[in-house]
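Try each task on your own before you read its solution.

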There are 2 protein chains.
Amino acid sequence: MTLIAKLSKRYASKQMNGKKLPQNKVDNILEAIRLAPTSMGLQPFKILVVESQEIKNKIFETAAPGQPQIPNASQVLIFACYRKVTDEILDTYFDLINKTRPMLAKEKVIAYRNMMNGLLNKTADENFQWAARQAYIALGFGLTAAAEQEVDSVPIEGYNPEALDKLLNLHERNLGSVCMFAIGFRNEETDYNARLPKVRKSTLDLFEFL
Amino acid sequence: MTLIAKLSKRYASKQMNGKKLPQNKVDNILEAIRLAPTSMGLQPFKILVVESQEIKNKIFETAAPGQPQIPNASQVLIFACYRKVTDEILDTYFDLINKTRPMLAKEKVIAYRNMMNGLLNKTADENFQWAARQAYIALGFGLTAAAEQEVDSVPIEGYNPEALDKLLNLHERNLGSVCMFAIGFRNEETDYNARLPKVRKSTLDLFEFL
């Protein structure tokens with residue numbers, strides 16, 4: 001089956017069956033997320049992979065009571081962005097660049113860091129919105145990889161971020177959640193979304209050719 | 001080659017060679033973007049697919065002089081989000097839902113629209129940021145599909161959105177650009193990025209397992 005055929009078949013699973021995914025499928029989804037490109041390469045986020053039944057239950061009860069797929073997902077991923085890009089974060093990033101790309105001229109790397117400092121010289125909210133967009137590219141990679149692996153999944157925005165961030169002590173760690181992503185196996189009996197035709201704009205409505 | 005192997009090989013192409021991509025590859029990338037899921041299914045954006053050499057040149061000159069790949073890309077996609085979700089946009093969306101899912105009870109569809117109206121009852125900026133995140137999911141789908149088709153590509157945030165929006169009269173159409181996405185063939189001689197090792201956080205740095 002082509003990737004497009006698999007993307008046509010995927011849908012937002014609203015009820016899962018509690019079974020664990022094979023580890024190699026989980027690994028492939030995480031690896032796609034890790035490989036996603038981000039602005040200036042910074043990957044300004046951490047991703048919490050929740051496998052503990054107790055924590056999944058708590059997330060459902062305290063932060064996302066409208067999302068019954070959470071307790072029965074195999075994994076729930078939480079995309080949590082940096083609330084502030086600190087000097088320490090940039091130090092770690094530039095250590096990684098220097099280690100991975102030793103062939104780059106030092107002046108070039110310093111100029112790049114200066115450029116980044118300039119671009120990040122915005123309000124805290126503007127930087128957080130920028131970071132959130134980068135996380136959503138990675139979410140797109142996770143969604144595509146899940147479809148490619150024929151794993152059921154659903155992106156979740158409908159939750160209370162303050163409650164989730166408090167539950168997981170994210171703010172104390174300079175993080176704020178921007179979305180969740182549940183992966184697992186659909187519940188064939190109760191997942192009403194599985195049988196509904198996909199609603200998408202037509203090619204002519206969505207695209208304009210210039 | 002697996003999808004993961006293809007995602008490992010992709011990179012941000014900084015110099016393209018001006019050749020046109022085969023139409024079936026372009027079609028597959030656009031179809032992946034069209035199939036991307038978005039919050040509440042709304043797809044709150046339009047995507048301009050720029051093929052005209054004149055317009056690519058103008059974009060480069062007036063809005064993105066730091067992005068030399070633009071004039072030599074095969075296509076430059078512009079993701080442009082709704083600045084306001086109007087009643088007319090919702091009418092069109094619910095017409096599409098009713099046409100695609102005639103089996104849904106009318107009361108359910110009305111309740112869904114009421115819920116959407118509630119969720120969209122935020123400031124213009126909050127709604128635009130929300131729409132931008134949805135566009136970035138679609139960008140993630142485009143990036144993955146390009147890699148899968150072994151097409152070179154690059155997401156572009158480093159441009160002047162006011163200048164681009166003015167050039168294309170986007171504001172008059174209730175749209176604002178949030179990013180560009182160039183696809184094409186790398187210039188094997190001048191694309192310095194093609195030969196650099198990929199910089200990514202390690203699995204242990206990026207993910208935390210709970």
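**Exercise 1. Find B:Glu150 in chain B, say whether it is buried or exposed, and look up its phi.**

Step 1: B:Glu150 sits in the loop between helix 6 and strand 3 (152–156) of chain B. Helices (H or I, at least four residues) and strands (E, at least two) are DSSP runs, numbered from the N terminus.

Step 2: B:Glu150 has a relative accessible area of 53%, so it counts as exposed. Buried means under 20% relative accessible area, exposed over 50%, and partly exposed in between (1.4 Å probe, protein chains only).

Step 3: Its phi is near 55°, a positive value in a residue other than glycine. Most residues other than glycine have a negative phi.

Before going on, some ground rules: this is a predicted model, where local features need pLDDT of at least 70 and side-chain atom pairs count only at pLDDT 80 or more, while totals for chains, interfaces and linings use all residues. Residues are numbered from 1 along each chain as its sequence is written, chains are lettered from A and ligands numbered from 1 in the order in which they are written, and side-chain values use heavy atoms, with hydrogens and water left out.

**Exercise 2. Do the phi and burial check for B:Gln43.**

Step 1: Look in the loop between helix 2 (23–35) and strand 1 (45–50) of chain B, where you'll find B:Gln43.

Step 2: Phi of B:Gln43 is near 45°, a positive value in a residue other than glycine.

Step 3: B:Gln43 has 2% relative accessibility, so it goes down as buried.

**Exercise 3. Which residues does B:Gln134 touch, not counting residues up to four places away in sequence?**

Step 1: B:Gln134 is buried because its relative accessibility is 1%.

Step 2: Its contacts (heavy atoms within 4.5 Å) include A:Tyr136 and A:Glu157 from chain A. From chain B come B:Thr38, B:Ser39, B:Pro44 and B:Phe45.

Step 3: The B:Gln134 side chain also reaches the backbone oxygen of B:Trp130, at 3.2 Å. That's a polar contact: a pair of N or O atoms within 3.5 Å, where within protein one must be able to donate a hydrogen and the other to accept it, and residues adjacent in sequence count only if both atoms are side-chain atoms.

**Exercise 4. Sketch the layout of chain A, from elements to domains.**

Step 1: Chain A has eight helices and five strands. From the N terminus on, write them as α-α-β-α-β-α-α-α-β-α-β-α-β.

Step 2: Across the boundary, eight residues of domain 1 of chain A are in contact with nine residues of domain 2 of chain A.

Step 3: For the overall extent, the C-alpha trace of chain A spans about 60 × 45 × 35 Å along its principal axes. Of the 210 residues in chain A, 52% are buried.

**Exercise 5. What does A:Thr100 contact, leaving aside its neighbours within four places in sequence?**

Step 1: A:Thr100 belongs to helix 4 (residues 87–100) of chain A.

Step 2: Its partners are B:Pro197, B:Lys198 and B:Val199.

Step 3: Within chain A, the A:Thr100 side chain reaches the backbone oxygen of A:Leu96 at 2.6 Å.

**Exercise 6. Is A:Ser74 buried or exposed, and how many Å separate its C-alpha atom from that of A:Asp87?**

Step 1: A:Ser74 lies in the loop between helix 3 (53–63) and strand 2 (75–82) of chain A.

Step 2: With a relative accessible area of 1%, A:Ser74 is buried. Beyond four places in sequence, its contacts include A:Lys19, A:Leu21, A:Val50 and A:Ile183.

Step 3: A:Asp87 is 13 residues away along the chain, and the two C-alpha atoms are 36 Å apart.

**Exercise 7. Describe the surroundings of A:Asn193.**

Step 1: Go to the loop between strand 4 (175–184) and helix 8 (203–206) of chain A, which holds A:Asn193.

Step 2: A:Asn193 counts as buried because its relative accessible area is 14%.

Step 3: Setting aside neighbours within four places in sequence, A:Asn193 contacts A:Tyr11, A:Ala12 and A:Lys14. A polar atom of the A:Asn193 side chain lies 2.9 Å from the backbone oxygen of A:Ala12.

Technical notes: Domain bounds come from an automatic or database domain assignment.
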